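This briefing covers the surface, the fold and the side-chain contacts of one protein model. Please consult the sequence and the structure shown here alongside the notes that follow.

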Amino acid sequence: MDGHDADDAKKSTADMTAFVQNLLQQMQSRFQTMSDSIVTKIDEMGNRIDELEQSINDLRTEMGVEGSPSPSVPPSVKEEPKSGNDSA
């Protein structure tokens, strides 16, 4: 019966290994999905902050108050796209 017990132990070990590998793959997939979602939300938040800063600067201009542009994103960078032919 020792041969039968050894076969059961090998099968049990193989089953456990397959289970753990499957579980790790599921966890990796879920973490990747969450990571992608977080990065997307951070990008969206950054865009909304940039829009808010631009709106505040526009309001200051309308009111006649010269506001300093945001140090993170100067308005000239947003309004004038850079061309690849600057060196010519």
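The accessible surface of the protein in this predicted model amounts to about 8,000 Å². Carbon and sulfur atoms account for 57% of that surface. Of the 88 residues in the protein, 5% are buried.

**Secondary structure**
- The protein contains 2 helices and 0 strands.
- Helix α1 spans residues 2-63, and Phe19 is among the residues found in this helix.

**Salt bridge**
- Side chains of opposite charge can pair when their charged atoms come close.
- The structure holds 1 salt bridge, which joins Lys11 to Asp15.
- The closest N and O atoms of Lys11 and Asp15 are 3.5 Å apart, and a separation within 4 Å is what the salt-bridge criterion requires.
- Both residues belong to helix α1, where Lys11 and Asp15 are 4 residues apart, about one turn of the helix.

**Exposure of the paired residues**
- Lys11 has a relative accessible area of 53% and is therefore classed as exposed, the cut-off being over 50%.
- Asp15, at 45%, is partly exposed.

Notes:
Residues are numbered from 1 along each chain as its sequence is written. This is a predicted model: local features need pLDDT of at least 70, side-chain atom pairs count only at pLDDT 80 or more; totals for chains, interfaces and linings use all residues. Side-chain values use heavy atoms; hydrogens and water are left out. Buried means under 20% relative accessible area, exposed over 50%, partly exposed in between (1.4 Å probe, protein chains only). Accessible areas come from the Shrake-Rupley method with a 1.4 Å probe; for residues, only the protein chains shown count as cover. A salt bridge is a side-chain nitrogen of Lys or Arg within 4 Å of a carboxyl oxygen of Asp or Glu.
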